[in-house]
Amino acid sequence: MIIAIDGPAASGKGTVARALARHYALPYLDTGLLYRAVAVSLLDNQGDSSRESDALSACDFADSLLSDSRLRNEQTGKLASEISVFPKVRQALIKRQRDFAAQTGGAVLDGRDIGTVIVPDADVKLFITASPEIRAKRRYDELVKNNPDLTYDIILEDIKSRDLRDSSRKEAPLKQAEDADLLDSSLLGIDMAIERAVALVEKQLKTVQG
Ligand SMILES: Nc1ncnc2c1ncn2[C@@H]1O[C@H](COP(=O)(O)OP(=O)(O)O)[C@@H](O)[C@H]1O
Ligand SMILES: Nc1ccn([C@@H]2O[C@H](COP(=O)(O)OP(=O)(O)O)[C@@H](O)[C@H]2O)c(=O)n1
């Protein structure tokens, strides 16, 4: 079974995706980490983020970079959003994501274009969202521990500009697939969001199995 989860920044997609992976004993891939790794690799190469050729060279990163703590910074999220508009960058990361999805038994993947571009024939598709203010609060609480200079307003601005860039780009924009169920987690705690997600997965599986 392949479960595709998409949604905007800090909507809780990773939290739900990890829980579904545990629930159904499936491997999980956070595809945002790949774009974040390209961003950090570009910085390490002293590349220019406005040049597609520099961003493409940065796609050739070592796997060890995927566990680099710099990947979690909000600045890295912003840079990842900037380089992810480039078609050549998206193309360079497709095979890795599709190979992961195609493994025996299936997988859970989360990102922006999983249900629309990476695995459009996924068995289950969810689109997870929450209001920008609630997402900013969640991301702020998550990051302020390691970065006391951070402010809620900076994070809210960043989330709004990332939403706009991600959903208005030409190549694989962030959008709900027609056959995805919407899960708005704004007023749900983590446990309730996971419970709703499992219920939606079960509903979609029943529809597939007739
Ligand atoms: N339903 C929820 N209620 C409260 N906090 C949540 C909820 N879902 C996720 N979080 C928290 O919000 C932050 C962002 O969640 P995450 O799953 O990483 O989002 P995403 O993968 O969409 O960026 C994390 O600190 C997570 O623990
Ligand atoms: N499948 C994906 C995943 C991420 N991305 C880009 O990578 C950036 C970082 O993704 P992420 O999933 O790590 O971001 P958060 O939702 O964790 O904040 C996003 O803002 C997108 O621009 C993408 O274009 N396609």
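This report describes the fold of one chain, the surroundings of its two ligands, and a few single residues.

The structure is a predicted model, in which local features need pLDDT of at least 70 and side-chain atom pairs count only at pLDDT 80 or more, while totals for chains, interfaces and linings use all residues. Residues are numbered from 1 along each chain as its sequence is written, and chains are lettered from A and ligands numbered from 1 in the order in which they are written.

**Overall fold**

The chain holds nine helices and five strands. Helices here are DSSP runs of H or I with at least four residues, strands are runs of E with at least two, and both are numbered from the N terminus. Starting at that terminus, the order is β-α-β-α-α-α-α-β-α-β-α-α-β-α.

Along the principal axes, the C-alpha atoms occupy a box of roughly 55 × 35 × 30 Å. The radius of gyration is 17 Å, which agrees with the value near 17 Å for a compact globule of 210 residues. That radius is taken over C-alpha atoms, and the globule rule is 2.2 Å times the number of residues to the power 0.38.

Of the 210 residues, 40% are buried. A residue is buried if 20 or more other C-beta atoms lie within 10 Å of its own, exposed if 12 or fewer, and partly exposed in between, with C-beta atoms placed from the backbone. Two residues are in contact if these C-beta atoms lie within 7 Å. Among contacts between residues at least 6 apart in sequence, 73% join residues at least 24 apart.

An unreviewed UniProt entry lists "domain: Cytidylate kinase" for residues 3-202. UniProt positions follow the numbering used here, feature names are shortened, and annotations may be inferred rather than shown by experiment. The end C-alpha atoms of residues 3-202 lie 11 Å apart, and the span is 51% helix and 11% strand.

**The two ligands**

Lys13, Val16, Ala17, Ala19 and Leu20 are buried in α1. These residues cover an arc of only 165° around the axis, which puts them on the same side of α1; the arc is that of the directions from the helix axis to the C-beta atoms. Their cover includes β1 (2-6), β2 (28-30), β3 (107-111), β4 (124-129) and α9. Just after α1, Ala25 has a positive phi of about 50°.

Gly7 lies in the loop between β1 and α1 and is buried, with 28 C-beta neighbours inside 10 Å. Gly12 belongs to the loop between β1 and α1 and is buried, with 25 other C-beta atoms within 10 Å. The unreviewed UniProt entry includes Gly7 and Gly12 in a "binding site" feature.
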